[in-house]
Amino acid sequence: MYTLARKHMDVDELFEEVEKEINSSHEYLEIQEAEQETRATTRLTVVATVGMVLAVATGFLGMNIWIMDWKKHSWLVFILTMAGSTFLLLLTIKCSNRLYKYFDRLARQKPKKK
């Protein structure tokens, strides 16, 4: 009796249709989430790359190559270096979305044929 009721009320077809919709919605949401994670990772990579360059530059200045009498000017060089590095890092963070789009365009370009 139950089998006949399911057959006449189209429960099996309804179940399959709902299951397909749920699976397709789940796949769509997974793709959207992966895309957002990719964007965030790329932006963090851009910021980290610029930060690494600034850290190397700051370390190079700390080697006392240009200023032999470090004791007289150490505070000035330190403040200028840190202010410049902080400014560039904040500028990179602010512009990281533009940088991401630029690097994304570069990555999508087809190589030129020789």
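Me: Where is L91 found, in terms of helices?
Reply: L91 is found in helix α3, where helices are DSSP runs of H or I with at least four residues, strands are runs of E with at least two, and both are numbered from the N terminus. This is a predicted model, in which local features need pLDDT of at least 70 and side-chain atom pairs count only at pLDDT 80 or more, while totals for chains, interfaces and linings use all residues. Residues are numbered from 1 along each chain as its sequence is written, and side-chain values use heavy atoms, with hydrogens and water left out.

Me: Why does L91 count as partly exposed?
Reply: L91 counts as partly exposed because its relative accessible area is 39%, and that class lies between buried, under 20%, and exposed, over 50% (1.4 Å probe, protein chains only).

Me: And how far is L91 from V47, going by C-alpha atoms?
Reply: Their C-alpha atoms are separated by 9.6 Å, although L91 and V47 are 44 residues apart along the chain.

Me: How much of the protein counts as buried?
Reply: Of the 114 residues, 8% count as buried. The accessible surface comes to about 10400 Å², and 65% of it belongs to carbon and sulfur atoms; these areas come from the Shrake-Rupley method with a 1.4 Å probe, and for residues only the protein chains shown count as cover.

Me: What share of the contacts joins residues 24 or more positions apart?
Reply: Among contacts (heavy atoms within 4.5 Å) with a separation of 6 or more, residues 24 or more positions apart account for 67%.

Me: New topic: which residues form the nonpolar patch?
Reply: W75, L76, F78, I79, L80 and M82 form it on the surface, with about 640 Å² of accessible area together. Patches are made of residues with over 30% relative accessible area and no salt bridge, joining like charges within 9 Å and nonpolar side chains (Val, Leu, Ile, Met, Phe, Trp, Tyr) within 5 Å; a salt bridge is a side-chain nitrogen of Lys or Arg within 4 Å of a carboxyl oxygen of Asp or Glu.

Me: Is L80 buried or exposed?
Reply: L80 is exposed, with a relative accessible area of 55%, and L80 lies in helix α3.

Me: Which residues make up the positive patch?
Reply: K94, R98, K101 and R105 gather there on the surface, where Lys and Arg count as positive, Asp and Glu as negative, and His and the chain ends are not counted. Each charge is placed at NZ of Lys, CZ of Arg, CG of Asp or CD of Glu. The largest share, three residues, comes from helix α4 (residues 96–108), whereas K94 is in helix α3 (residues 70–94). K94 is exposed, at 68% relative accessible area.

Me: And the negative patch, which residues are in it?
Reply: D10, E13, E16 and E19 gather in it on the surface. E16 lies in helix α2 (residues 11–61) and is partly exposed, with a relative accessible area of 45%.
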